[in-house]
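This briefing covers a predicted model.

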Amino acid sequence: MATRDRAAFAEFVTARSGALHRAAYLMVGDVGLAQDLVQEALTKTYVAWPRLRDTANAEAYTRKVITNTALTWFRRKGWYGEQPAAELPEDTDHGHADHVAARTSLMDALAQLPPRQRAAIVLRFYDDLTEAQTAAAMDCAVGTVKSQVSAGLAKLRALLGDAVDLADLMPAGGAA
Amino acid sequence: MTEKLKTLMDESADLQFAVPDLDAIVKAGDRSVRRRRLVAGAGGLAAAAVVAGVVIGVSAGGSDRVTDPAAGSDGAVAEWASGAVLHTQAGTIDVGHPVRAYVRTSVGYLVADDDGTVWSVVAGDVRKVGTTSAEHAHLVGDDDAPMGAWVDTTADPVGYVAYDQAHRQNIYLGPDHDGKLVALDAGQLYVQEGRETKVYAVDGPDARLDPPAPGDRLLTWEDGVAVWEDPGGGDEESKYLVGRTEMEPVEIPQVQGELAMLSPDARWLTLDADEPRVYDVQTGAEVTMDVGDRDFATGYGWLDDDTLMMIAGKGGDGAVELLVCQVPSGTCTPDPESAGKLGTFADAVGFALPVGTPLGD
């Protein structure tokens, strides 16, 4: 294992696991599953570590594994449409009640999106990835990302109504 | 307003998550690396020759014996090689050369030794038939025909060569374009070159490939049934499909290990994963395999239409075990002959499985 720098990997885990957990949670809607997902993805990242060379590559690789593993889990276990919409354990936000309602509505709505639309929305608007980076994470074409995001936003708008303002995220011409 | 969705997602995900268990990650990762190195080999298990049909070998006692594994899988034993000795259904065969990689054909074996020399082994007759990469030997065999193939490094230009054991004849099929040998079946050699699958006709009709479609990635081919990855595109996800020309393909769950082996009758499919993955090709239903408390097991070859050999282990660096499993009952029995002779996943060296590639590369 001489080519696996454990210290560098540990540093990467410490620095990025929080963000990775949050994105994974938004993709699967369950804290425990998100933790399992990240743990599994980090294991694969550790295996691939010698060829990833730097932290940016490692993070992109881990996001790709998280995304594809989540999609595989959805497909294999039929989670879509069966998951609890929102679990908010140990909530650190003490904001306004309508904020809580809006967040709950968002998690409800995300849970109703097809897995690939949900992943595309999270990668584009939570992780702030470009369309090309999102396509790489999802192992698909940029055109697929565009269509998944467009369809996902349209469905979110239909589900959330006025709870969230998505106006300037929608493509020109409206409903996608 | 762009921030609104982002902000809401930030707030929704602002939760306390457990710190990843770094020790568990490293242990699992190291274990995975060791297993991959041992099991996957240079070309993976995809090129595994299924091992059905009549076996002709020379036993340790020197007498030729003929057995039909399909006649009684109850007494089946796992196939493996150690040093220069092949352990077969019919007993052991000393081929006289260290076995680095080997495959089965309908009448015998093709063996690559440590120097890359390719040997044909039929009923005690061992003869040199070619040369391949010593470091990255990769052979494929046809369980239904006396034929195998490899990339011959002494051919000019370096290219795909098949060997007909019945006629003791080499057939040059074409130059190698850094392709991966996928399967040899019914006189056709299937090679994956990038995203393109090439088919070379050894004899008989012109080569054809249908399915899969152009752009798909062929994983294996047996008895007219193909397993391939459809990369998707547009709104479609990538997926594994299994089928033949005249039947609607069946989707099979994808696994991280992307390698596949069909049973000789192409009824069952095993995929290379850390846990057993066996599927009914006709329905796509997964077959539950009982491997006991082993936390790693993956198929490496079919002894007959419903007998699968698996390599397995438990406890991370535990002993390498070979199992003989029945499909679809899912019952597995440890192979007694190899027990205790294959080392552990941490130090296993010096043996080969009939998958066409060296272990541990």
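Chain B is built from two helices and 29 strands. Of its 361 residues, 49% count as buried. In this predicted model, residues 24 or more positions apart supply 49% of the chain B contacts that have a separation of 6 or more.

**Nonpolar cores**

- The largest nonpolar core holds 91 residues, and those with the most contacts inside it are Tyr102(B), Leu189(B), Leu269(B) and Met310(B).
- Leaving aside residues up to four places away in sequence, Tyr102(B) touches Ala81(B), Leu86(B), Tyr109(B), Leu110(B), Val111(B), Ala112(B), Leu139(B), Ala352(B) and Pro354(B).
- Another core lies apart from the largest one and has 54 residues, including Val38(A), Ile66(A), Leu106(A) and Ala119(A).
- In soluble globular proteins, nonpolar side chains tend to be buried together.

**Backbone geometry in chain B loops**

- A cis peptide bond runs from Asp156(B) to Pro157(B), with omega near -5°. Pro157(B) sits in the loop between strand S11 (147–152) and strand S12 (159–164) of chain B.
- The peptide bond from Val327(B) to Pro328(B) is also cis, with omega near 15°. The loop that contains Pro328(B) lies between strand S27 (321–326) and strand S28 (332–334) of chain B.
- Asp178(B), a residue other than glycine, has a positive phi near 55°. Asp178(B) belongs to the loop between strand S13 (169–175) and strand S14 (180–185) of chain B. With 8 other C-beta atoms within 10 Å, Asp178(B) is exposed, because the cut-off for exposed is 12 or fewer.
- Asp223(B) is not a glycine either, and its phi is positive at about 55°. Asp223(B) is placed in the loop between strand S17 (217–222) and strand S18 (225–230) of chain B. Its count is 16 other C-beta atoms within 10 Å, so Asp223(B) is partly exposed.

**Helix packing in chain A**

- Helix H5 (residues 115–126) of chain A packs against helix H7 (residues 142–160) of chain A at an angle of about 95°, with the axes 8 Å apart. H5(A) is therefore roughly perpendicular to H7(A).
- On the H5(A) side, the contact is made by Arg116(A), Gln117(A), Arg118(A), Ala120(A), Ile121(A) and Arg124(A). On the H7(A) side, the contributors are Val145(A), Gln148(A), Val149(A), Ala151(A), Gly152(A) and Lys155(A).
- Sorted by class, this contact of H5(A) with H7(A) comprises five nonpolar, three polar and four charged residues.
- Helix H6 (residues 131–138) of chain A and H7(A) pack at an angle of about 100°, and their axes are 8 Å apart. This angle makes H6(A) roughly perpendicular to H7(A).
- From H6(A), the residues Glu131(A), Ala132(A), Thr134(A), Ala135(A) and Met138(A) meet Val142(A), Thr144(A), Val145(A) and Lys146(A) of H7(A).
- The class breakdown for the contact of H6(A) with H7(A) is five nonpolar, two polar and two charged residues.

**Confidence in chain A**

- Chain A has a mean pLDDT of 79, and 74% of its residues reach 70 or more.
- Among the elements of chain A, H5(A) has the highest mean pLDDT (94) and helix H4 (residues 97–112) of chain A the lowest (74).
- Over residues 79–95 of chain A, pLDDT stays under 50, and the model has 32 contacts beyond four places in sequence for this stretch.
- Where pLDDT is low, the predicted coordinates should not be read in detail.

Conventions: Residues are numbered from 1 along each chain as its sequence is written. Chains are lettered from A and ligands numbered from 1 in the order in which they are written. This is a predicted model: local features need pLDDT of at least 70, side-chain atom pairs count only at pLDDT 80 or more; totals for chains, interfaces and linings use all residues. Axes are lines fitted to C-alpha atoms, for helices over the stretch in contact, and angles run from 0 to 180 degrees between N-to-C directions. Helices (H or I, at least four residues) and strands (E, at least two) are DSSP runs, numbered from the N terminus. Angles under 35 degrees count as roughly parallel, over 145 as roughly antiparallel, 65 to 115 as roughly perpendicular and the rest as oblique. Two residues are in contact if their C-beta atoms, placed from the backbone, lie within 7 Å. Ala, Val, Leu, Ile, Met, Phe, Trp, Tyr, Cys and Pro count as nonpolar, Asp, Glu, Lys and Arg as charged, and the others, Gly among them, as polar. pLDDT is the predictor's confidence in each residue, from 0 to 100. A nonpolar core is a set of buried Ala, Val, Leu, Ile, Met, Phe, Trp, Tyr and Cys residues joined through C-beta atoms within 7 Å. A residue is buried if 20 or more other C-beta atoms lie within 10 Å of its own, exposed if 12 or fewer, and partly exposed in between; C-beta atoms are placed from the backbone.
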